[in-house]
Amino acid sequence: MDNFIFHSPTEFIFGRGTQKEVGKTLKRYGAGKVMLVYGGGSAERSGLIKEVTDSLKAEGLDYVTLKGVKPNPEADLVYEGIAMAVKEGVTFMLAVGGGSVIDTAKAIAVGAVYSGDFWDFYCGKSTPSAALPIGVVLTIPAAGSEGSCKTVITKKDADGLHKISIGSELIRPRFAVMNPELTMSLPWFQTACGVADMLCHIFERYFSNTTAQLVNAYSEAIMRDIMDQALTLRVNPDDYEARADIMWAGTLAHNGLCGVGKEEDWSSHRLEHEVSAFYDVAHGAGLACIVPAWLLFVAKRNPDMAWKFAINVMSVNPQGFDTDHIIAAGISALKDFYHDIGLTTSLRELVGKEPDIEAMVKSLEYNMGPSLGKYVPLTMDDCREIYRLAL
């Protein structure tokens, strides 16, 4: 295990009805004027936005609203939010939604207190030195953004499409309100994509060349539980206990706990970012195509963790079989799981046509440089082959 600093100061307020107390929580954190950021229709139709705003009014908190966040959140709405935050004197961000909403709020939080273009942080021209504080009411367990220091935004400019993440402790939420009941009305596809995303957050840390037995053991346990509970929810979407496990697992997958003392990889995410940037597919759906292809490719060069994953997570019986067979069975079982929860593992099927692999590789190199990944460092030729394997 490598040296590490683990810092996860977010307060998690978990359970039934907790969204009704968000005003009191904001008051306790010293909020002045709040910007409420959310997606739109479903949050309004369900009555959640009214519950939140009623809670703010009950505490005498002034607020403004910014709605319209889309999956794969875009820079245009961030610019709009920054302008509003500056004009209205916003002092606290409140994201009500899933990862896209939270990531948008985080980008506004750093941009509203910066004299330049917020995109400077994403393209590497500058590093955040200040941010508005952020709170979350989580409605979609997936991205883990409610407990992470990361944000991902997509921008289109003259140079092409850029879906890029940044990380800073300044944008780790101060608190996250998490009521599993709020996830029961989600379309199944959103739940399935969320499961694929949180699993991959653990994969990016689990597939590592660092020895960390304890971290690997509880990472394996979380992955197994995510899969078990996902299959439970496929049959009974209103199972509160399964919803609770999935919601909390999504946080544990991405708050840093599964990566302490380990060298992390993140190549699967970066490969997928080009897919969702080009074809506007759900991030989790893209990962279900990319991850098995990535694993098939890297296992030929570094079989160690792929072998352990097959046995300890996918329950492959190793007796009487060689390493290659065990790994292949593990990848097959993972693909079967994605299929069981309603996701395709075919990139061609996901985007509905032949993907432009050359364009994605070109964009990937522009955004990330000539190589990526740590478990097995990948050249752009390697990335091209992984996209082909994902077809």
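Visitor: Why is asparagine 72 called buried?

Guide: Buried means under 20% relative accessible area, exposed over 50%, and partly exposed in between, with a 1.4 Å probe and protein chains only. Asparagine 72 has a relative accessible area of 8%, so asparagine 72 is buried. This is a predicted model, in which local features need pLDDT of at least 70, side-chain atom pairs count only at pLDDT 80 or more, and totals for chains, interfaces and linings use all residues. Residues are numbered from 1 along each chain as its sequence is written, and side-chain values use heavy atoms, with hydrogens and water left out.

Visitor: What is the phi of asparagine 72?

Guide: Asparagine 72 is not a glycine, yet has a positive phi of about 55°.

Visitor: Why is aspartate 280 called exposed?

Guide: Its relative accessible area is 56%, and exposed means over 50%, so aspartate 280 is exposed. Aspartate 280 also has a positive phi, near 50°, in a residue other than glycine.

Visitor: How do you know whether serine 267 is buried or exposed?

Guide: Serine 267 has a relative accessible area of 0%, which is under 20%, so serine 267 is buried.

Visitor: Which residues does serine 267 touch?

Guide: Not counting residues up to four places away in sequence, serine 267 touches Glu204, Trp294, Leu372, Gly373 and Leu378. Contact here means heavy atoms within 4.5 Å.

Visitor: How far apart are the C-alpha atoms of serine 267 and threonine 25?

Guide: These C-alpha atoms are separated by 37 Å, and the two residues are 242 residues apart along the chain.
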